[in-house]
Amino acid sequence: MEQIILWIAIGAVALAVAWAAFSYRYFYKHQHFVCPKCGHSFKPPVKQMVFSVNAVSGKIIRCPSCGEKEYMEPVRDE
């Protein structure tokens with residue numbers, strides 16, 4: 001019984017990691033952020049994406065141009 005619970009937990013973690021990888025891959029292929037303060041468009045490094053705060057549908061992330069930490073929603077690439 002304990003082994004079954006362990007394998008279920010391992011499977012759940014694997015699914016969560018796979019979902020996160022898929023989500024970040026989709027973002028980098030199709031979306032970017034635009035800073036509400038200076039208007040700079042950018043795709044942040046993966047490390048910044050992983051460790052930034054998720055909020056609603058966007059992220060609280062620091063703009064590489066002006067340095068302001070703001071809530072930003074992803075914008076579809078054109």
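Which residue forms a salt bridge with Lys37? I opened the notebook with this, and found that Glu70 is the partner, the closest N and O atoms being 3.8 Å apart. I took a salt bridge to be a side-chain nitrogen of Lys or Arg within 4 Å of a carboxyl oxygen of Asp or Glu. The pair links distant parts of the chain, since Glu70 sits in strand β5 and Lys37 in the loop between β1 (31-34) and β2 (41-42), 33 residues apart.

I note that this is a predicted model, in which local features need pLDDT of at least 70, side-chain atom pairs count only at pLDDT 80 or more, and totals for chains, interfaces and linings use all residues. Residues are numbered from 1 along each chain as its sequence is written, and side-chain values use heavy atoms, with hydrogens and water left out.

I then looked up exposure (buried is under 20% relative accessible area, exposed over 50%, partly exposed in between, with a 1.4 Å probe and protein chains only). Glu70 is partly exposed at 22%, whereas Lys37 is exposed at 55%.

By the salt-bridge rule I count 2 in the model. Asp77 forms one with Lys43, with the closest N and O atoms 2.8 Å apart. Asp77 lies in the segment after β6 (75-76) and Lys43 in the loop between β2 and α2 (46-51), so this pair ties together parts 34 residues apart in sequence.

Last, I followed strand β5 (residues 69-72), which runs antiparallel to β4 (residues 58-62) and is joined to it by 4 bridges. I used DSSP runs (helices H or I, at least four residues; strands E, at least two), numbered from the N terminus, and pairing requires at least two bridges. Ile60 stands opposite Tyr71 in β5.
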